[in-house]
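Subject: Handing over the structure, with notes

Dear colleague,

Here is the structure that I promised to pass on to you. Please have it open beside this message as you read.

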Amino acid sequence: MDAGERLHKAVQEGDPFQAEEVINQLHPRMIRFARTLVPTKESAEDVVQESWITVLKKVPDYEGRSEFSTWVLGIVRNKSRTFLQKEQRLRENEESQMESDPLETRFHESGPKTGHWAEPPLNRFLPEYETERAELMSQLESAMATLPAVQRQVTILRDVEGLKPGEVEYILGISTDYQRKLLYRAREKLRSTLENYIMSQRTKAASFD
Amino acid sequence: MTDSSSLPSEKQKTRSEEQQTEAAEDMDCQEFVQIVHDLLRTEPEGLRSPRLLAHMRDCPPCVVYLQQLEDIQRLLQELSAAEDNAIPPERAQALISDALKG
Ligand SMILES: [Zn+2]
């Protein structure tokens with residue numbers, strides 16, 4: 001039985017323990033996603049609360065055509081819309097910032113080495129920087145927070161939740177092709193943030209020598 | 001994903017020098033980067049395709065680039081696992097009792 005069937009059965013049979021189990025299981029994922037949709041933690045909690053009311057009411061209509069969690073995240077998305085009057089304008093603004101390739105200057109543009117690294121990435125992050133793991137995590141967390149909203153949404157759903165492009169298209173209404181662009185930019189932002197952090201640590205270390 | 005999964009395997013080394021150069025010349029680093037982004041997380045097996053492995057064998061920076069992306073995936077998982085997004089029990093129970101009443 002999947003989570004949807006379990007919840008439906010719990011509501012039908014008046015089984016609060018089963019219902020609570022499903023709620024506990026899905027709630028963190030809903031909060032995580034809602035936080036990419038609405039500006040504050042409080043509004044995310046409100047959105048998820050609203051979503052649960054709808055989920056519990058509509059669970060008899062859930063037909064199993066998508067994963068239950070995908071269906072639930074779709075409801076979170078709908079509930080967030082009311083918080084997002086300015087979304088369209090924001091999205092247009094973000095799109096206009098997506099013209100250039102963030103890695104553009106890192107490759108040779110001409111000559112025999114065209115398309116190969118001019119300024120190669122220096123180091124992987126783990127386990128070389130294992131001792132600084134906590135700092136890497138906090139750098140990553142702030143970089144996530146500065147991503148444009150849509151990029152953050154796609155990153156959470158694709159890279160954290162591990163959803164398939166089709167599922168994300170269902171939830172966010174963003175085409176697979178556009179997800180590809182958003183994901184590239186988002187990951188590149190996260191990657192370059194950590195890279196810059198490591199470079200700055202190196203410079204610091206070198207100046208102590 | 002383990003670290004070794006993104007590195008060229010031993011088997012690949014039996015291919016002739018000529019084939020290697022050819023395969024590597026097929027692809028520049030920019031193309032490598034695009035392919036890797038498309039495969040990451042959704043199709044990790046694809047990251048071991050002969051074409052990618054051939055490029056990585058000749059191009060240490062691209063190996064580092066892929067490792068960086070994989071490290072970020074790992075850190076993202078850890079970051080989200082460390083968050084406390086649990087629903088307070090009294091709130092869950094209130095939701096349920098409302099739902100069961102209706
Ligand atoms: Zn390369």
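Leaving aside its neighbours within four places in sequence, which residues is Leu7(A) in contact with? They are Ala19(A), Val22(A), Trp52(A), Val55(A), Leu56(A), Val59(A) and Phe68(A), where contact means heavy atoms within 4.5 Å. Before going on, please note that this is a predicted model, in which local features need pLDDT of at least 70 and side-chain atom pairs count only at pLDDT 80 or more, while totals for chains, interfaces and linings use all residues. Residues are numbered from 1 along each chain as its sequence is written, chains are lettered from A and ligands numbered from 1 in the order in which they are written, and side-chain values use heavy atoms, with hydrogens and water left out.

Leu7(A) itself sits in helix α1 (residues 3-13) of chain A, helices being DSSP runs of H or I with at least four residues, numbered from the N terminus. Leu7(A) has a relative accessible area of 0%, so it is buried (buried means under 20% relative accessible area, exposed over 50%, and partly exposed in between, with a 1.4 Å probe and protein chains only).

Two other helices of chain A, α2 (residues 16-37) and α3 (residues 41-58), pack at an angle of about 135 degrees with their axes 9 Å apart. That angle makes α2(A) oblique to α3(A), because angles under 35 degrees count as roughly parallel, over 145 as roughly antiparallel, 65 to 115 as roughly perpendicular and the rest as oblique. Among the residues that meet are Val22(A), Ile23(A) and Leu26(A) in α2(A), and Ala44(A), Val48(A) and Trp52(A) in α3(A). The residues of this contact divide into 11 nonpolar, two polar and three charged (Ala, Val, Leu, Ile, Met, Phe, Trp, Tyr, Cys and Pro count as nonpolar, Asp, Glu, Lys and Arg as charged, and the others, Gly among them, as polar).

Two details of the backbone deserve a careful look. Most residues other than glycine have a negative phi, and most peptide bonds are trans. The peptide bond from Leu126(A) to Pro127(A), however, is cis, with omega near -5 degrees, and Pro127(A) lies in the loop between α5 (87-96) and α6 (133-146) of chain A. Arg41(B), although not a glycine, has a positive phi of about 70 degrees, and it lies in the loop between α2 (29-39) and α3 (50-58) of chain B.

As for chain B as a whole, it has five helices and zero strands, and 45% of its 102 residues count as buried.

Notes. Axes fitted to C-alpha atoms, helices over the stretch in contact; angles between N-to-C directions.
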